[in-house]
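Welcome! Please take a look at the sequence and the 3D structure below, then read the briefing that follows.

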2 protein chains.
Amino acid sequence: MIAKAITTNTESLLIYNARLATPVASTDGAPNWQLSEIFPAALYCENGHIVRVGKEQEVVEGLPACEQLDAGKRLLTPGLVDCHTHPVFFNLRAHEFVQRVQGKTYKEISAAGGGIRYSVRDLRQADTDAVLSRVMRRLDTFLEYGTTTIEAKSGYGLSLEHELMSLEILQQAAARHAVEIVPTFLGAHEVPDEFRERRYDYIDLVIHEMIPVVAQRQLAQFADVFCEDHVFNAAESRRILHAALAAGLRPKIHADQLTASGGAEVAIELGAVSADHLEFTPPALFDRLRKSGVVPVLLPGADFFIRAAKYAEARAMIAAGLPVAIATDFNPGTCMTESLPMIMTLACLQLRMTPAEALTTATLHAAHALAMGNRIGSLEVGKQADAVIWDAESVEEIPYHFAVNRVQQMIKKGRVVWRRGLDKMN
Amino acid sequence: MIAKAITTNTESLLIYNARLATPVASTDGAPNWQLSEIFPAALYCENGHIVRVGKEQEVVEGLPACEQLDAGKRLLTPGLVDCHTHPVFFNLRAHEFVQRVQGKTYKEISAAGGGIRYSVRDLRQADTDAVLSRVMRRLDTFLEYGTTTIEAKSGYGLSLEHELMSLEILQQAAARHAVEIVPTFLGAHEVPDEFRERRYDYIDLVIHEMIPVVAQRQLAQFADVFCEDHVFNAAESRRILHAALAAGLRPKIHADQLTASGGAEVAIELGAVSADHLEFTPPALFDRLRKSGVVPVLLPGADFFIRAAKYAEARAMIAAGLPVAIATDFNPGTCMTESLPMIMTLACLQLRMTPAEALTTATLHAAHALAMGNRIGSLEVGKQADAVIWDAESVEEIPYHFAVNRVQQMIKKGRVVWRRGLDKMN
């Protein structure tokens, strides 16, 4: 139905014949949970940004010649935004998965020197290029499963040298891969082996050596802390995040995952951009989180993978007016998956979200958790043209048809960056 | 390290440089839960069957010229066997997923005319070729996620005409697709709309019209019943399966999924090849199941997807000496996934199996659940050469790295039938 392009201009792209489903920016400050759904829809972008989007007929009206992509009546959504990942590790920790299946808890494994500290010893021995190559492969998988932007944390280095190495690997990966990376400094992920008997010295190292260098070299946008009584307690977390904020790194926090340890309150006090996990956060705090503009990032994949005692109170958070986000928490210990669609399935089944809510949490609200809500997370005029064409007809199918990949094409900054191949079939 | 093939003989294939992990046939009748793991290993097959398998050096010794495949130090396992699937439906039931998320139970949805009966109305209106084309696509997905053989049930026709149509679609699909299909007649899946007020007439129809025709035309190997008080109770199930057995269709049974409704006892009495689900089966019956040679087929994906009250007692079954199998239960209502690797993840997390146990349940024991344990399910001499090369180094990685596809190549009857493509990446 659309005239063939007369000339090819790679800086502009029209996607037409699509079933559009996208969250839309809120107009009154309260989260907007209503998707905009249009069929037949089209999206036109120039230089990586959306210039027109909506009813196909209106979008194509008087359009200049441009590259065209027929979505074939398929679902078109914003690219997924994974706002909490830990991709800079070297080897897997499949052996701990076996230990957990056999009854050990995550905390027991950590106390015995496993968990994060295992990955720290492992990363410190690894060759930088070998780690980079694995990070690149992980980015391929993120992209293949619908994700166009990830937040990525350091936190398996835990020395100045290896934290810088981790953040530099992210910088190099970002320069080479279509997936956009938002780096977060997580030096306060755990107390490394060599500081177990002098943990205060490690906190000083984070505050006085790591944070200044990371900030000065602009290697991270955010700083994060694993706030838990047996890792960094609320007082320590507050001190670290204050120092980060003073250096120009906006705070994020792993809060109340295993116990109610005060993490959400630290987030409120500091005006953190997000508070992540929140399984054990007292619901009485939800209103204060909202007033402080803290985005709750829920990570049901980790609860699933470590067989957690409870999931976060997502419905109560939504009822309290919070712009709930979800993320994979991709990491080798507590959530070994790059698939946000699978996390959407868990959000529906375990957090009782509708598929439409799950999509909003994995796109626009996830963008808010990165302070990028004005640039990514929805298909609206002026935003970056990051999109997914799904081999599906409705948003419901994404979480419903689970654990198999339904992505058909990936668009990043207005260019097709991945297309489902015709895998060799005899 | 291996000399290049001098001539190409497509009827023989050597896979070398592999990390072999396979269950091995039991020698004493009791299930053998110990995998055979060898590296570097090789497998040589001729005319679709395994002629040599084991240590690479021993396999290649004096081997004739043949086609060769370097596994690149990757994991090599038997092709997965999915011994319980319902792939012959037309449209999805994503709307019911949304209803369940919002609090409705599976039983409430069924009682309101949804569930199986929705799919029956839908299939009866569908064009045969359109259904076949969707079944073929589903087979592609099974294959892509590691499965080389599926058991496939009818059961969304529920009239003579549409049950035959369903089984004929399976026959046509089997003739065109690499995935091997073992057909099961499931006319007793539900009482269709037009028989709700005269359910005994429907049972008579199944017994006196459907079973004889299905058996005579050899359209199925097995007959199955959904035994549950609100569907077909134990007495009705017994009657139907007796008729099936007399006609030459070996019994299978959906037993004790939602309540302890006597299904496992029916399986024991009839010597069913398998009893499937078993969430509510009294553990006191486990020993009798074993003595009757009934294979328990556990379906944790359905429990996950419908948020079931409980999972089956897998550890107690293993302790009782039962050859536990797992399957996807792929169907549009209660488990919409073709991925057995995801079911292995659930088997580890929810049924407390080790990854090695999960592999055995999804291969050799699943083959036993189809009375095919002598032909498929393990990589042993004389068996069919159905195998998976995984982009992984250990069996643990399959359930651990969840919800993303780790399959690198699929081999069916000694031929490479699927290879992970280089999807287009800009």
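**A loop residue, a helix and a sheet**

A:Arg352 sits in the loop between α13 (340-351) and α14 (355-361) of chain A; helices (H or I, at least four residues) and strands (E, at least two) are DSSP runs, numbered from the N terminus. This is a predicted model, where local features need pLDDT of at least 70, side-chain atom pairs count only at pLDDT 80 or more, and totals for chains, interfaces and linings use all residues. Residues are numbered from 1 along each chain as its sequence is written, chains are lettered from A and ligands numbered from 1 in the order in which they are written, and side-chain values use heavy atoms, with hydrogens and water left out.

- Although A:Arg352 is not a glycine, its phi is positive, about 60°.
- A:Arg352 counts as partly exposed because its relative accessibility is 25%; buried means under 20% relative accessible area, exposed over 50%, and partly exposed in between (1.4 Å probe, protein chains only).
- In chain B, Gln218 is not a glycine either, yet B:Gln218 has a positive phi of about 50°.
- B:Gln218 belongs to the loop between α7 (199-216) and β9 (222-227) of chain B, and counts as exposed at 66% relative accessibility.
- The peptide bond from A:Phe39 to A:Pro40 is cis, with omega near -5°, and A:Pro40 is in strand β2 (residues 36-46) of chain A.

**Helix α8 of chain A**

- Helix α8 (residues 234-247) of chain A has 14 residues and should span 20 Å at 1.5 Å a residue, which agrees with the 20 Å between its end C-alpha atoms; the expected span is 1.5 Å times one less than the number of residues.
- Among the buried residues of α8(A) are A:Ile240, A:Leu241 and A:Ala244.
- The buried residues of α8(A) pack against several elements of chain A, including β8 (180-188), α7 (199-216) and β10 (250-255); contact means heavy atoms within 4.5 Å.
- Just after α8(A), A:Gly248 takes a positive phi of about 100°.

**The sheet and the whole chain**

- Chain A has 16 helices and 17 strands.
- Eight strands form an open sheet with parallel pairing, in the order β6-β7-β8-β9-β10-β11-β12-β13 (chain A); two strands pair if DSSP finds at least two bridges between them.
- The edge strands of this sheet are β6 (80-82) and β13 (325-326) of chain A, each pairing on one side only.
- β8(A) and β9(A) pair in the parallel sense over three bridges.
- Of the 426 residues of chain A, 64% count as buried.
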